[in-house]
Amino acid sequence: MVIRHTSSNHRLDAGHRMRVLGGICLLMAASVLAGCSSTSRPDRSVTTGSIPRLSKPVESMTAPELASAADSIGKSYERNPKDRNVGMTYANVLMMTGRNAQALAVMQQVAIANPADREVLAALGKAQAAAGQLEKALDTIGRAQTPDRPDWRLYSAEGAVLDQLGRSNEARTRYRMALDIKPNEPTILSNLGMSYVLGGDLRTAETYLKSASQQPGADSRVRQNLALVIGLQGRFQEAEQVARQELNPQQADANVAYLRSMMSQQNSWKQLASKDKASPDNGTN
């Protein structure tokens, strides 16, 4: 399948791009930057060393559950702040609750104790990106990568940071390097789709996100990104149906409310969708 990019008049102007960047990048951070450390993989729900047992992956937790997890893991971290597994898990939960500065402080301490650990460096880069230190995050993730054993998660994480810096061509190169190592990985496809959202190419974004959602192992974060892109094209009923899949009512209501907020604030997305529908030569083959 060959994907044709939209023409220049379908791209977002710089000002509007910056207005939506914050919300989009929150979704990107949730979907792929979280994948740059093994502590964000599904094994988080089991006991590892001194990490308290979590009832479920943090991405599927409600706000009260996340707060409880942060408190429990925080106590373990206080007992042994040099423990890499506890530190990385604690930092990840802190970021899920929006405490990015605290998460970065935690990872800085873990990195001091484990300066040559690739996973620790990757998690530090994730925390730096979440705290807005994007250039530092690029440097840290780059130091974690090794040419003889390249890690697809690091390429994908690097791409997400580059997208936040507005360097979309470089970002998409990194995503495709990641896909060369891990073909059809849903988190990579999702971030590649979100990269096209930042460029205003919603139809190409939807193609990648639909592909991501159909892959084995795709989690609810991928489908929430797809719901966002569908909603931004004005198909809100379809977006709501996607957003409510696999989530409990509280989480689904929160996501739908976010979609409505994005739609109400971003009128030019609707204009973009109208232009997109009116263009016969824009799409996929």
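**Entry 1: Met61**

I started with Met61, which I found in the loop between helix H1 (14-31) and H2. I am working from a predicted model, so I read everything here as computed. Is Met61 buried or exposed? Met61 counts as buried, because its relative accessibility is 8% and the cut-off for buried is under 20%. Next I looked up its contacts, skipping residues up to four places away in sequence: Met61 touches Leu54, Lys56, Leu66, Ala69 and Gln251.

**Entry 2: Asp83**

I then went to Asp83, in the loop between helix H2 (63-79) and helix H3 (84-96). Which side chain of opposite charge is nearest to Asp83? I found Arg84, at 7.1 Å. Asp83 is buried, yet has no salt bridge. I did find a polar atom of the Asp83 side chain 3.0 Å from the backbone nitrogen of Asn85.

Moving on to helix H8 (residues 168-181), I stopped at Ser168. Ser168 has 16% relative accessibility and therefore counts as buried. Leaving out residues up to four places away in sequence, I see Ser168 touching Asp163 and Ser195.

Asn184 sits in the loop between H8 and helix H9 (186-198). I noted its positive phi of about 65°, although Asn184 is not a glycine. Most residues other than glycine have a negative phi, so I flagged this one. With a relative accessible area of 46%, Asn184 is partly exposed.

**Entry 3: helix H11 and what follows**

How many residues of H11 are buried? I got 13 of 13, so I wrote the helix down as mostly covered. H11 runs over residues 220-232 and reaches 18 Å from its first C-alpha to its last, close to the 18 Å expected at 1.5 Å a residue. Just after H11, I found Gly234 with a positive phi of about 90°.

**Entry 4: the nonpolar cores**

Last, I looked at the nonpolar cores. Which residues touch the most other members of the largest core? Val161, Val197 and Leu259 do, out of 43 residues. I followed Leu259 and, leaving aside its neighbours within four places in sequence, found contacts with Ala227, Leu228, Phe236, Ala239 and Ala243. A second, separate core has 25 residues, among them Ala70, Val86, Ala91 and Ala111.

Terms used. Residues are numbered from 1 along each chain as its sequence is written. This is a predicted model: local features need pLDDT of at least 70, side-chain atom pairs count only at pLDDT 80 or more; totals for chains, interfaces and linings use all residues. Side-chain values use heavy atoms; hydrogens and water are left out. Helices (H or I, at least four residues) and strands (E, at least two) are DSSP runs, numbered from the N terminus. The expected span of a helix is 1.5 Å times one less than its number of residues. Buried means under 20% relative accessible area, exposed over 50%, partly exposed in between (1.4 Å probe, protein chains only). Lys and Arg count as positive and Asp and Glu as negative; His and the chain ends are not counted. A salt bridge is a side-chain nitrogen of Lys or Arg within 4 Å of a carboxyl oxygen of Asp or Glu. A polar contact is a pair of N or O atoms within 3.5 Å; within protein, one must be able to donate a hydrogen and the other to accept it, and residues adjacent in sequence count only if both atoms are side-chain atoms. A nonpolar core is a set of buried Ala, Val, Leu, Ile, Met, Phe, Trp, Tyr and Cys residues joined through side-chain atoms within 4.5 Å. Contact means heavy atoms within 4.5 Å.
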